[in-house]
Amino acid sequence: MSKEILEVDQLSVNYGAIKAVRDVSFDIKEGEIVTLIGANGAGKSTILKTISGLLKPANGEIVFLGQSLAKLTAPKIVAAGVSQVPEGRRIFAGMTVKENLQLGAYLRKDKNGVEKDMEAMFKRFPILKERQKQDAATLSGGEQQMLAMARALMARPKLLLLDEPSMGLAPIYIQEIFDIIKSINKEGMTVLLIEQNARQALSIANRGYVLASGEVKMTGSGQDLLNDPAVQKAYLGG
Amino acid sequence: MQTFFQQLINGLSLGSIYALLALGYMIVYGISKLLNFAHGDVYMLGAYWGYYTINYLHFGFITALITAMIVCGLAGVIIEAVAYRPLRNAPRVAALITAIGVSFFLENGMSYLVTSDTRNFPQVIKQKTFDLGGVMISNIQLIILVTTLILTLGLMYIINYTKTGRAMRSVSTDYDAASLMGININHTVSITFALGSALAGAAGVLIGLYYNSIDPLMGMTPGIKAFVAAVLGGIGSIPGAAVGGFLIGLLETAVQAMGFSAFRDAAVYIVLIVILLVLPGGLFGKKQVEKV
């Protein structure tokens with residue numbers, strides 16, 4: 001039995017009067033890929049933003065390795081070991097690929113370790129090495145997604161949050177992105193994955209949670225959810 | 001030809017002041033998307049700091065310049081923390097109106113404290129004029145040009161090659177994404193206001209030295225001209241802001257030399273209108289390309 005790395009308990013998040021997330025509870029164990037699936041507006045992104053500290057919970061607890069994150073600021077949460085690859089990639093346009101990666105390691109003081117990790121990223125994503133001096137905005141969508149993932153990994157997180165990594169990408173890149181997620185996970189990274197592409201997400205996830213209107217409707221192993229008739233009907237196109 | 005070179009030197013000296021102001025205006029705008037109308041008033045504070053420390057504490061030029069930069073940098077940090085930070089998520093126009101309020105506060109506060117009299121700036125450096133084949137250049141003009149060059153290069157170094165500079169640029173691009181890197185937004189915005197205001201403080205001491213007269217409302221027009229310079233150069237570009245500043249200085253001097261002194265301010269605003277119509281991105285402006 002591996003231990004829990006993240007525990008979300010009875011989490012509620014509001015946008016003004018709108019209750020975007022209601023009493024959501026889930027957990028992630030070390031080394032797992034856990035996915036939250038659900039339609040647009042189900043509250044998936046809101047949950048990730050709240051874990052990262054960009055939004056504040058109205059209620060509930062978020063415990064990461066025994067430490068409560070609910071009251072921490074976003075930079076403190078990164079320092080605690082949670083990095084996010086945000087929806088839409090949000091790479092820093094006007095800055096080079098290398099500068100983007102350096103920003104990922106912003107809080108790290110171990111210069112040599114950062115250099116080493118940079119080399120490791122260049123090895124994993126050769127295109128980034130090739131383009132390291134280029135403005136990050138000149139990369140294609142798929143390359144930007146790789147950059148955003150590499151940037152998050154530069155912080156050496158213990159938990160990686162991925163918000164819609166396949167959104168808006170050419171099909172050729174979608175498979176590649178999921179392969180990368182799998183291989184990062186194999187090397188020991190715990191991953192919380194949010195996807196509209198539920199079939200792909202469930203097929204690589206250990207466990208999944210199905211969200212609708214801000215609530216958890218169903219949970220199970222990735223395989224069970226893939227085979228569940230209700231999930232198939234609602235999220236996998238029958 | 002002689003007159004041309006003479007006016008070129010005069011224009012570049014005045015342009016240096018605008019360049020320093022425009023740089024500060026631009027980096028502050030870049031990070032807070034706020035037209036800091038109080039920027040010109042921070043420059044006025046710098047001039048008064050120079051006036052008092054040179055007269056009463058007998059500071060030399062370098063000491064006065066450096067301490068003015070520190071004091072104005074602090075003033076910028078305080079202005080941001082007190083007036084702008086609470087409005088960060090408010091509609092843009094609320095912050096804009098507040099900036100005008102801060103500007104009035106500084107102008108009238110100083111008029112109250114030190115009276116609105118025009119004062120003679122102490123001549124801490126004895127003026128010497130060199131004759132270069134009929135073109136006169138003073139040591140003060142040289143000091144202004146060299147100081148501006150050093151400060152501009154220093155700012156470019158900080159922004160392009162240091163960790164703090166990277167943080168500043170990332171916050172200018174995307175607050176949330178920068179937070180997700182672990183960057184403290186408030187600290188980074190404070191540092192940016194400190195740097196921008198320090199440049200304004202330096203410009204204040206330099207203009208005191210050059211024009212020899214200061215008053216509490218002296219920051220109004222240069223503040224607006226610095227804004228024009230930043231637009232001319234292209235918001236977002238450091239070399240652009242510096243070049244814009246020099247061009248505005250040259251334009252003003254040229255208009256004056258042709259005998260249209262009364263129209264020199266108007267000429268600057270005409271430039272603003274023309275630039276906004278023909279080249280809204282400015283000379284060095286970055287093209288905005290959205291990638292999907």
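In which sense do strand β9 (residues 207-212) of chain A and β10(A) pair, and over how many bridges? They pair in the antiparallel sense, over six bridges. Strands count as paired if DSSP finds at least two bridges between them. Helices (H or I, at least four residues) and strands (E, at least two) are DSSP runs, numbered from the N terminus.

This is a predicted model: local features need pLDDT of at least 70, side-chain atom pairs count only at pLDDT 80 or more, and totals for chains, interfaces and linings use all residues. Residues are numbered from 1 along each chain as its sequence is written, while chains are lettered from A and ligands numbered from 1 in the order in which they are written.

**Chain A: the sheet**

Select A:G208 and A:G220. The two are bridge partners, with A:G220 in β10(A). Now show the whole open sheet: six strands in the order β6-β7-β8-β3-β9-β10, with mixed pairing. β6 (82-85) and β10 (215-221) stand at the edges, each with a single partner strand, so one side of each has no neighbour in the sheet.

**Chain B: two helices**

Select α2 (residues 39-56) and α8 (residues 185-211) of chain B. They pack at about 55°, axes 7 Å apart. Axes are lines fitted to C-alpha atoms, for helices over the stretch in contact, and angles run from 0 to 180 degrees between N-to-C directions.

Finally, colour by pLDDT, the predictor's confidence in each residue, from 0 to 100. Chain B has a mean of 93.
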